[in-house]
Amino acid sequence: INRLSYSPFNQYFILQAMGETGRYDDAISSILDLWGGQIEYGGTTFFETYRPQWNAELDQNGPVPNNQAGYTSLAHPWSAGVLPWMNEEILGIHATQPGFTTFEVTPHLGRQLTRVSGSTMTPYGKIEVSFDTNTGDCGVIVPEGTTAKIGIPKVEKEITSISMNGALQEIKQQDETFVYFEVSGGNYQFK
């Protein structure tokens, strides 16, 4: 690994490649090492450069080694790029038409992450999602005036039945990763 791979800005592009190749477990481990390590270190913002071994060698919030330019920014905005990636790839919320008139919710939890929840603000209101692969509980709030394709993650399991808002649903569309439902504005609880 070269020096550039420790820059959160450059690591963001590595995460994108991991997502595109389905390596979500590796991506989540990288996030925990690089961005989680900064939080363990005591960071309240994301750094320009960070090496996970700092946590073993420096006191919490101790002075960090200087970068090549003679300083290291400890409040570097581009390093927060992991947050939209996590929202779009891990939580799975992404627009399929401008302004979120249509969107998909296809969470990629990997093997080690068993539950996620979060939201995305749109011009139509807030999209809210939660998925728990241990309990099988999933919830999605779809703003009025929009349409969503929701992917219930299989996470290497076979889904034999799904209820939506308490009513058993026929499984019409699926692939090896998700069981899909298309819905319009409303609050949907899946089990």
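Visitor: How many residues does the largest nonpolar core have?
Guide: This is a predicted model. Residues with the most contacts inside the largest nonpolar core are L15, V129, F131, I150, I152 and F190. The number of residues in this core is 41.

Visitor: Which element supplies the largest share of this core?
Guide: Elements that each supply at least two residues of the core include the helices α1 (8-20), α2 (24-41) and α4 (82-90). The largest share is seven residues, and it comes from α2.

Visitor: Leaving aside neighbours within four places in sequence, which residues is I152 in contact with?
Guide: I152 is one of the residues with the most contacts inside the core. With neighbours within four places in sequence left aside, its contacts are F131, C138, I159, I162, T177, F178, V179, F181 and F190.

Visitor: Is T133 buried or exposed?
Guide: T133 sits in the loop between β4 and β5. Not counting residues up to four places away in sequence, it touches L109, T114, P153, V155 and K157. The cut-off for buried is under 20% relative accessible area. T133 has 16% relative accessibility, so it counts as buried.

Visitor: How many salt bridges does the structure hold, to turn to the charged pairs?
Guide: One of them joins the side chains of R23 and D26, at 2.8 Å from N to O. Another is formed by D137 with K191, the closest N and O atoms being 3.0 Å apart. In total the structure holds four.

Visitor: How many residues apart are D25 and R111?
Guide: D25 and R111 form a salt bridge, with 3.0 Å between the closest N and O atoms. D25 lies in helix α2, while R111 is in the loop between β2 and β3 (115-122). The pair thus links distant parts of the chain, 86 residues apart.

Visitor: Of this pair, which residue counts as exposed?
Guide: Exposed means over 50% relative accessible area, and buried means under 20%. D25, at 18% relative accessibility, therefore counts as buried. At 59%, the residue that counts as exposed is R111.

Visitor: Which residue is linked with D25 and R111 in a network of salt bridges?
Guide: D25 forms a salt bridge with R111. A network of salt bridges links these two with a further residue, E156.

Visitor: Where in the chain is K191, the partner of D137?
Guide: D137 is in strand β5, and the two residues are 54 residues apart. D137 is partly exposed at 35% relative accessible area, and K191 is partly exposed at 49%. K191 lies in the segment after β9.

Technical notes: Residues numbered from 1 in each chain as written. Predicted model: local features only at pLDDT ≥ 70, side-chain atom pairs only at ≥ 80, totals over all residues. Heavy atoms only, no water. Core = buried A, V, L, I, M, F, W, Y, C linked by side-chain atoms within 4.5 Å. Buried < 20%, exposed > 50% of the residue type's maximum accessible area, 1.4 Å probe, protein only. Helix = DSSP H or I, 4+ residues; strand = E, 2+ residues; numbered from the N terminus. Contact = heavy atoms within 4.5 Å.
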